[in-house]
Amino acid sequence: MKKMLFVNSCPRGSESRTLQLARAFLQEADANQWEVVTHDLNTMGLRSVDAETLAVKEPLCDASAWDHPLFRHTLEFQQADMVVVAAPYWDLSFPSILKVWVENMYARNLTFHYEDDRCIGMCRGTEAVYITTSGSPIRENDWGTEYIKAVLHELGIQSFTAIKAEGLDLVGNDAQKIMEAATAEAVKAARRLLAK
């Protein structure tokens, strides 16, 4: 059975429109018999990587000591066939906890290694999906999507799909219609990607 890692970085929980959109995608995973592992960033208690963490992490990476608790979530990421990230568009990117998750997913000799002067990704996954919603227009200021795309590409996941519903809070916009169109796009993308 193929494995999907769902990264939930939606602080508003069940009220989150981003999470609603992600659930439409995830329902197709059930239908296609994918195993879904969830990283709920609101409850995982992840810490920013600081000097104290690095003092422990770096020797463990040197020794490839992946059974250490520090790498439990990183292993789930490294072994997933698909990674789906749900993050609302906040302050030109995404909630800060998602950056903390990224810091924790970088593990030398597990999710990447160096060859000469190049970083080579080691993740098993081939597909990534980024789902976001915003009250305002995103337009060209889509730095959150581009950042996550770059991170996942560097760690070895080459195919990337973005699903967005934007301008939901603008006066005159029909938020329900925008969400319905994005939901249809999410379902279509899920059916295409999960059937591979």
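**Helix packing and sheet order in the predicted model**

In α3, His73, Thr74 and Phe77 meet Trp101, Asn104 and Met105 of α4; contact here means heavy atoms within 4.5 Å. Three of the residues in this contact of α3 with α4 are nonpolar, three are polar and none is charged. Nonpolar covers Ala, Val, Leu, Ile, Met, Phe, Trp, Tyr, Cys and Pro; charged covers Asp, Glu, Lys and Arg; the others, Gly among them, are polar. The model is predicted: local features need pLDDT of at least 70, side-chain atom pairs count only at pLDDT 80 or more, and totals for chains, interfaces and linings use all residues. Residues are numbered from 1 along each chain as its sequence is written, and side-chain values use heavy atoms, with hydrogens and water left out.

Two packed helices are described by the angle between their axes and the distance between the axes. Helix α3 (residues 72-79) packs against α4 at about 85 degrees, and the axes are 9 Å apart. Thus α3 is roughly perpendicular to α4 (angles under 35 degrees count as roughly parallel, over 145 as roughly antiparallel, 65 to 115 as roughly perpendicular, the rest as oblique). Axes are lines fitted to C-alpha atoms, for helices over the stretch in contact; angles run from 0 to 180 degrees between N-to-C directions. Helices (H or I, at least four residues) and strands (E, at least two) are DSSP runs, numbered from the N terminus.

His73 lies in helix α3. This residue counts as buried, at 18% relative accessibility. Buried means under 20% relative accessible area, exposed over 50%, and partly exposed in between (1.4 Å probe, protein chains only). Beyond residues up to four places away in sequence, His73 touches His39, Met44, Leu46 and Met105.

Helix α4 (residues 96-105) also lies across β1 (3-8), β2, β3 (82-86) and β6, at about 140 degrees to β1. The open sheet has five strands in the order β2-β1-β3-β6-β7, with parallel pairing; strands pair if DSSP finds at least two bridges between them. Strands β2 (35-40) and β7 (159-165) are at the edges, each with a single partner strand, so one side of each has no neighbour in the sheet. From one strand to the next, the twist averages 15 degrees. Seven bridges join the parallel strands β6 (residues 127-133) and β7. Tyr130 stands opposite Ala162 in β7.

Met122 sits in the loop between β5 (118-121) and β6. Its relative accessible area is 30%, so Met122 is partly exposed. The C-alpha atoms of Met122 and Gly156 are 5.5 Å apart, although 34 residues separate them along the chain.
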